[in-house]
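Colleague: I would like to go through this model feature by feature. Please give the general idea each time, then the case here.

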Amino acid sequence: MRRREALKRVAVLPLLPLVLPLPQEVEAQEGQAQPSAPNLYDPSRVGRARPRVTDYENDPFIIDVEGRIRCTCGCNLDVYTCRTTDFTCGVSPEMHRQVVQLVEQGRTADEILEAFVAEHGEAVLMAPPKEGFNLAAYFVPSIAIGAVGLWLLWALGRRRVRVELAGAPEGPESSGLADEDREKLEAELQDLEL
């Protein structure tokens, strides 16, 4: 056995308890349903304990509503993205529970959004509603980009016309060099060619 192979085996030994399955601590009793996810044997290794996944976790209606609500933890993500990617956030799971409660009460998506706006203000929405002064946020940037583009086309066209009207100088006599300087330059160029 080579030294490198021995070192690889020694380096892998501490990782074996993480890879090998642990024996079940609690046997399922007859008549009880098996949990859909395996038990977490050491919750302190991954942070706080998380509740089991419910049917509402992946419901398309709830995902759509949570995608339109900004998490108030300061991450600037929508509630669905925050609760499914940032497992240290304690705000997005609570907001998810609020959405689930409102859905269970039979509220529509607009009513749920209105409830969150009433509680947190309009800043809780991922996009401002398309009404009133908020319309400026939707139209002013595109109007400004179009105006700048039109101004650039006008300025470049005007510059081209000025250059054409002024006329470009032609030949060496219009270069603005004195006769003496032109002769020196031609002599130097001939020396370079040889």
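Modeller: Take the loop between helix 3 and helix 4, where Asn76 lies; helices here are DSSP runs of H or I with at least four residues, strands are runs of E with at least two, and both are numbered from the N terminus. This is a predicted model, in which local features need pLDDT of at least 70 and side-chain atom pairs count only at pLDDT 80 or more, while totals for chains, interfaces and linings use all residues. Residues are numbered from 1 along each chain as its sequence is written, and side-chain values use heavy atoms, with hydrogens and water left out.

Colleague: What is the phi of Asn76?

Modeller: Most residues other than glycine have a negative phi. Asn76 has a positive one, near 65°.

Colleague: Is Asn76 buried or exposed?

Modeller: Buried means under 20% relative accessible area, exposed over 50%, and partly exposed in between, with a 1.4 Å probe and protein chains only. Asn76 has 53%, so it is exposed.

Colleague: And why does Glu66 count as buried?

Modeller: Because its relative accessibility is 0%. Glu66 lies in helix 3, and its side chain makes a polar contact with the side chain of Arg83 at 2.8 Å. A polar contact is a pair of N or O atoms within 3.5 Å; within protein, one must be able to donate a hydrogen and the other to accept it, and residues adjacent in sequence count only if both atoms are side-chain atoms.

Colleague: Which residues does Ser92 contact, neighbours within four places in sequence aside?

Modeller: Contact means heavy atoms within 4.5 Å. On that basis Ser92 touches Cys71, Val79, Cys82 and Arg83. Ser92 is part of helix 5 and is buried because its relative accessibility is 0%.

Colleague: What do the buried residues of helix 5 pack against?

Modeller: They pack against helix 3 (60-67), helix 4 (79-85) and helix 6 (109-120).

Colleague: How do the axes of helix 5 and helix 6 cross?

Modeller: Axes are lines fitted to C-alpha atoms, for helices over the stretch in contact, and angles run from 0 to 180 degrees between N-to-C directions. These two come within 10 Å and cross at roughly 135°. Angles under 35 degrees count as roughly parallel, over 145 as roughly antiparallel, 65 to 115 as roughly perpendicular and the rest as oblique. Helix 5 and helix 6 are therefore oblique to each other. The contact involves Met95, Gln98, Val99, Leu102 and Val103 of helix 5, and Ile112, Ala115, Phe116, Glu119 and His120 of helix 6.
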